[in-house]
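Here is a short tour to follow with your viewer open. Keep the selection tool at hand and take the stops in order.

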Amino acid sequence: MSDNPYEPMPARVIGVSMEAGGIRPVKKIQVAFINEEDKNNFKNVPGNCAILSMIGQGESMISITSPPTEKDFLEFAIMKVGVVTTALHELEVGDIVGVRGPYGNAFPIDDWKGKDIVIIGAGIGMAPIRSIYNYILHPDNRKDFGKVTLMYGARTPNDLSFKKELFEYEDQADPDVFLCIDWKFGPNGMMDEDAQEGWPRINMKDAGATVIPPGQTRFTCFVPQLVEMIKPSPENTIAITCGPPIAIKFITQNLSKLGFDDEQIFTTMENRMKCGIGKCGRCNIGEVFVCVDGPVFNYKQVKELLPEY
Amino acid sequence: MTTYKISKDKMNELLTSIKGYDVYVPTEMGDKFQFRVMKDAGDAKLGYSQSAKPPKDVIFPQNEVLMNYKIQPNGFDVENSLDHIGKFVIFGIRNCDARALKYLDTQMLNGKYVDPYYAKRRENTTVVGLACNSPLYNCFCRSVGAGPHHKEGHDVHLTELDDGYLVEVITDKGKELLANSMSLLAGSSDADTSKQAELKQACEAKFVRKIDVKGNDKRMLDIFESDYWRDVSDGCIGCGICTLLCPTCFCFDIQDIGSRKEGQRVRVWDSCQYPEYTMHASSHNPRPGKKERQRQRFFHKYVYSYKNNQMLGCVGCGRCINQCPTQIDIIDVIEGVKNVKEGSE
Ligand SMILES: Cc1cc2nc3c(=O)[nH]c(=O)nc-3n(C[C@H](O)[C@H](O)[C@H](O)COP(=O)(O)OP(=O)(O)OC[C@H]3O[C@@H](n4cnc5c(N)ncnc54)[C@H](O)[C@@H]3O)c2cc1C
Ligand code: SF4
Ligand code: SF4
Ligand code: FES
């Protein structure tokens with residue numbers, strides 16, 4: 001490994017899978033460092049990101065979605081939105097991609113030992129927090145934590161990332177999994193059509209009053225209402241949420257209504273980034289550089305940031 | 001520190017005696033001044049007022065190839081430009097621009113990561129300062145912690161006297177630079193030093209404009225969301241000149257040039273005044289308008305930098321005022337904060 005933080009380390013693509021379709025498809029890419037030394041030096045913790053390099057195209061900051069318990073590879077879930085992410089989507093097994101990092105702070109997972117964990121993701125927002133549940137659910141770590149609840153929603157079933165593993169978890173006794181898809185928008189507005197089979201709607205006006213049929217894990221609703229309906233207890237619990245800013249806003253409001261303190265709620269902030277190492281200037285919120293001081297913040301810290309994000 | 005004197009007619013000889021460095025000197029370009037690599041000692045115009053562009057680009061070039069690279073079957077071939085960085089002298093830099101280098105150090109060298117390109121160029125650069133005997137109208141270095149004869153960040157400091165230059169050798173780097181030129185230097189007298197003090201005082205008396213920064217950061221935070229920032233940025237056309245010509249601005253972009261098999265990674269100056277600078281891939285922009293973008297400029301310089309590094313991000317050179325096509329004036333803006341009626345008190 002070079003001690004130049006701008007120099008990417010070469011990694012080989014060892015797996016590619018399509019995670020979500022639509023106009024902004026998501027692909028999961030699994031890569032392994034080519035040099036043993038790079039592999040040993042790269043010590044990531046949940047919450048960290050890495051910068052992926054496509055030669056001649058540029059670089060993108062991407063969350064490391066695999067947990068540190070995976071020693072032999074790193075996984076990234078990439079939404080195709082522009083130049084670099086399109087190039088990343090064209091990668092095939094055997095191709096070479098550059099990786100630098102790991103960057104950013106981390107979820108303070110060690111402080112959460114002995115607590116119940118609620119993980120709430122929306123859309124591509126599951127990527128940065130997937131590493132947490134896969135870390136906690138790993139047999140070596142599972143005993144250190146209490147009950148684990150996963151809640152996740154996307155526009156359609158096809159847009160749910162990581163569905164293969166989530167559907168497997170759904171069938172197991174541990175963790176508790178709840179999934180949702182958005183209301184369908186027909187020509188006459190919302191709820192024009194019936195909910196998709198197997199994904200019954202809930203009462204959107206009063207989600208909290210909805211009675212969940214035993215065994216039911218799939219719903220048609222938005223993620224904030226899923227939270228309102230499932231009603232996770234704040235008692236000795238940490239909630240982690242990530243998704244589009246508007247989803248985070250309502251999810252957090254609903255967690256507060258359920259009695260969660262701001263310091264019990266964690267999220268990740270994203271700003272446009274280039275260098276990833278606190279030099280290029282663009283990711284700041286006030287005096288905070290999100291690339292090094294973040295991306296993980298608890299909600300108390302989020303409220304202390306200047307209102308410019 | 002050792003003090004010498006050199007007569008004016010020997011200055012060109014001194015410049016020529018510097019070997020093994022690219023020597024940047026203030027040169028004339030039309031009605032402006034510009035730091036350029038000296039080809040002939042006669043190019044150096046040490047009587048200059050201020051260079052249009054600060055000489056920070058010696059250490060932080062506007063375009064800098066970081067690396068050339070090629071994909072190979074088992075990785076990349078990287079040719080790092082770090083290995084080809086030469087040695088530089090910035091000869092005749094003003095106090096404001098030299099202090100700006102100290103500020104850039106806080107950004108590029110402090111924190112969890114060191115920027116290796118900046119570090120290497122900085123290490124390889126010797127700074128020869130030139131005291132200012134006559135400020136421009138919009139100069140206000142005295143309001144932001146310095147002054148026309150300030151020596152912070154200088155390896156050698158020159159003061160123009162009537163019959164020569166006072167040469168103060170401040171650091172070992174400065175000593176090394178002048179090692180071959182010692183025969184050109186003579187001792188200085190007490191009269192020279194008192195003349196220097198006199199010039200300093202006379203220059204200080206010529207300053208017209210000033211800022212009172214005390215308590216301003218707190219006041220600015222109080223009115224972060226005020227329409228004041230919209231009003232003061234009203235005329236801005238987003239050209240970015242105020243940042244591109246600012247000696248302390250460091251924002252950059254990293255771009256790739258080339259094909260998917262081989263390419264060049266280049267760092268280029270960027271500006272917080274451009275909408276794309278902060279635009280997310282989702283097209284959400286945390287700084288959607290000129291109000292937010294100009295506010296970022298003022299806050300970065302007068303609030304955030306001070307919070308993070310106890311140093312203002314403005315050295316008072318006045319370039320952003322002199323060169324803004326729509327006359328946005330940072331002194332008026334920062335001073336005006338005191339008169340904004342809103343905010344919690
Ligand atoms: C901490 C962090 C973690 C992240 N984690 C992930 C992750 O896990 N997965 C993921 O997929 N993404 C993640 N992102 C986002 C990701 O970094 C960006 O989506 C990616 O860098 C976009 O790069 P691009 O080159 O593909 O897009 P760009 O080519 O830069 O384009 C992005 C969008 O902007 C538009 N655009 C570009 N230039 C202009 C212009 N001049 N005018 C108008 N529109 C323009 C494009 O059309 C496109 O819609 C993360 C970001 C951060 C900061
Ligand atoms: S120089 Fe003036 S017009 Fe140009 S971006 Fe700066 S403030 Fe706006
Ligand atoms: S903000 Fe303006 S006056 Fe201050 S250092 Fe930059 S260009 Fe000079
Ligand atoms: S991404 Fe460059 S400073 Fe944060």
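This is a predicted model, and our first stop is inside chain A. Five residue pairs make polar contacts across the interface of domain 1 of chain A and domain 2 of chain A, both partners being at pLDDT 80 or more. By type, the domain 1 side divides into eight nonpolar, six polar and three charged residues.

To colour the two parts, select 9–103 of chain A for domain 1 and 109–268 of chain A for domain 2. Their C-alpha centres are 25 Å apart. Here 17 residues of domain 1 of chain A touch 17 residues of domain 2 of chain A, and the buried area comes to about 1300 Å², with 58% from carbon and sulfur atoms. Show E19(A), T65(A) and T69(A) next: they supply 34% of the area that domain 1 of chain A buries against domain 2 of chain A, more than any other three residues.

Which residue forms a salt bridge with E75(A)? Select R130(A), and you will find the closest N and O atoms 2.8 Å apart. The count between domain 1 and domain 2 of chain A is one salt bridge.

Now bring chain B into view. Pick out F76(B), Y113(B) and R260(B), which supply 18% of the area that chain B buries against chain A, more than any other three residues.

How many salt bridges cross the interface of chain B and chain A? The rule finds seven. For a view of a salt bridge between these chains, show the side chains of D270(B) and R282(A), with N to O at 3.2 Å.

The last stop is ligand 3. Select its surroundings in chain B, including F140(B), C246(B), K301(B), C314(B), C317(B), R319(B) and C320(B). This shell divides into eight nonpolar, two polar and two charged residues.

Key. Residues are numbered from 1 along each chain as its sequence is written. Chains are lettered from A and ligands numbered from 1 in the order in which they are written. This is a predicted model: local features need pLDDT of at least 70, side-chain atom pairs count only at pLDDT 80 or more; totals for chains, interfaces and linings use all residues. Side-chain values use heavy atoms; hydrogens and water are left out. A residue is near a molecule or strand if one of its heavy atoms lies within 4 Å of it. Ala, Val, Leu, Ile, Met, Phe, Trp, Tyr, Cys and Pro count as nonpolar, Asp, Glu, Lys and Arg as charged, and the others, Gly among them, as polar. Buried area is the accessible area (1.4 Å probe) that two parts lose on being put together, summed over both. A salt bridge is a side-chain nitrogen of Lys or Arg within 4 Å of a carboxyl oxygen of Asp or Glu. Domain bounds come from an automatic or database domain assignment. Contact means heavy atoms within 4.5 Å. A polar contact is a pair of N or O atoms within 3.5 Å; within protein, one must be able to donate a hydrogen and the other to accept it, and residues adjacent in sequence count only if both atoms are side-chain atoms.
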